[in-house]
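Q: I am new to this structure and would like a guided look. Could you show it to me?

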Amino acid sequence: MFKGLVGLVTGGASGLGRATVERLVKQGGRVVICDLPTSTGQETAKQLKENVAFVPIDVTSEQDVKNALQTTIDKFGRLDVVVNCAGVATAQRVYNFKKDQPFDLKSFQKTIEVNLIGTFNVIRLAAGLIGKNAPDADGQRGVIVNTASVAAFDGQIGQAAYSASKAGVVGMTLPIARDLAKQGIRVVTIAPGLFRTPMMEMLPEPAIKSLEASVPFPPRLGHPQEFALLVQSIIQNPMLNGETIRLDGSIRMQP
Ligand SMILES: NC(=O)C1=CN([C@@H]2O[C@H](COP(=O)(O)OP(=O)(O)OC[C@H]3O[C@@H](n4cnc5c(N)ncnc54)[C@H](O)[C@@H]3O)[C@@H](O)[C@H]2O)C=CC1
Ligand SMILES: C[C@]12CC(=O)[C@H]3[C@@H](CCC4=CC(=O)CC[C@@]43C)[C@@H]1CC[C@@H]2C(=O)C=O
């Protein structure tokens, strides 16, 4: 189905990103995994064999992302699809009255830096490369998929930084889709609800169980493969553009 397609997945060593890499490869695509040098990207790439390469990067670094794009060209000759999954989760109240301490500004900045600015950094640099593709019969040159969160809409206590970073991703989706429309590059964001990944597993199991029960249907955490299935569908459907799609079993997060 994706024979000849070349993808780049940030955060591709773990969770939602890894499931996306696996699906793209299963469908015949070739993929560059971009993740932190400390991640399991190298092992993941080895397991998935010759159609996958790993480039250690920090999405917030211009030079790292440029290196990853150069490796994509050197190894696979083109770039069709970017999936931005790299992200960090933080939790802190805006003011801790018990400790008489305000939200740590460095932590707020780091969350915005990785989740929002990192996503933008990858988009702005990758767009130039995707724009060099010959258009298909529909005029399309490529697709960019971003990952926000339902926290962009229903931010919980402690999620000021995380929600702001994800709301930024939602907010830039339409203007970037408009910016890139003339080049035939589509931009779509997924806002996942609760998925079982290493990020989620930072929470103790009883907390996960209670979160699962709060999902109307199906009352469970999403499987990363269900996220990857939506990525595939976005790539395949040329009318999806400039939109954020909630993938959340209809959960509306409580305060
Ligand atoms: N798991 C969930 O329920 C949900 C996850 N999300 C979002 O989905 C995305 C993927 O999350 P998961 O797969 O759950 O988490 P994860 O923790 O399993 O994977 C995130 C990956 O991003 C990488 N990463 C972190 N900072 C990076 C940086 N500066 N440069 C490059 N790579 C970096 C990590 O090394 C890791 O491999 C994140 O953006 C997260 O905020 C959104 C809603 C729900
Ligand atoms: C990010 C998200 C919601 C959270 O804030 C938590 C996170 C899992 C790890 C966490 C552990 C904590 O001790 C504090 C909360 C949190 C940072 C959750 C994973 C997915 C959640 C999300 O984005 C939902 O949309």
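A: A definition comes first: a polar contact is a pair of N or O atoms within 3.5 Å, and within protein one of the two must be able to donate a hydrogen and the other to accept it. Please also note that this is a predicted model.

Q: Which side chain makes a polar contact with the side chain of S165?

A: That of N115 does, at 3.1 Å. N115 is part of helix α4. A polar atom of the N115 side chain also lies 2.9 Å from the backbone nitrogen of V88.

Q: Is N115 buried or exposed?

A: N115 is buried, because its relative accessible area is 0% and buried means under 20%.

Q: What does N115 touch, leaving out residues up to four places away in sequence?

A: N115 touches A86, G87, V88, Y162, S165, K166 and V169.

Q: How many residues does α5 have, and what should they span?

A: Helix α5 has 21 residues, 160-180, so at 1.5 Å a residue it should span 30 Å. Its end C-alpha atoms are 30 Å apart, which agrees.

Q: Where does α5 bend?

A: The bend is at T173 and amounts to about 35°. A proline, P175, follows within four residues.

Q: Changing topic: which residues come nearest to ligand 2?

A: There are 15 residues around ligand 2, and A91, S149, V150, Q159 and Y162 come nearest.

Q: Which polar side-chain atoms lie by its oxygen atoms?

A: A polar side-chain atom of S149 lies 2.6 Å from an oxygen atom of ligand 2. For Y162, a polar side-chain atom is 2.8 Å from an oxygen atom of the ligand. The backbone takes part as well, with a polar backbone atom of G193 at 3.5 Å from an oxygen atom of ligand 2.

Q: How much of the accessible area of ligand 2 does the protein cover?

A: The protein covers 80% of the 490 Å² that ligand 2 has on its own.

Q: Now the loops. Which residues does the cis peptide bond join?

A: The cis peptide bond joins F217 and P218, with omega at about -5°. P218 sits in the loop between α6 (205-213) and α7 (224-236).

Q: What is the phi of K49?

A: The phi of K49 is positive, about 70°, although K49 is not a glycine. This residue lies in the loop between α2 (41-48) and β3 (52-56). K49 counts as exposed because its relative accessibility is 56%, and exposed means over 50%.

Q: What about D100: where is it found?

A: D100 is found in the loop between β5 (95-96) and β6 (101-102). Its phi is near 55°, a positive value in a residue other than glycine. At 55% relative accessibility, D100 counts as exposed.

Terms used
Residues numbered from 1 in each chain as written. Chains lettered and ligands numbered in written order. Heavy atoms only, no water. Helix = DSSP H or I, 4+ residues; strand = E, 2+ residues; numbered from the N terminus. Expected span 1.5 Å × (residues − 1). Bend = angle between axes of the 7 residues up to and from the residue. Buried < 20%, exposed > 50% of the residue type's maximum accessible area, 1.4 Å probe, protein only. Near = heavy atom within 4 Å. Areas by Shrake-Rupley, 256 points an atom, 1.4 Å probe, with all protein chains shown as cover. Contact = heavy atoms within 4.5 Å.
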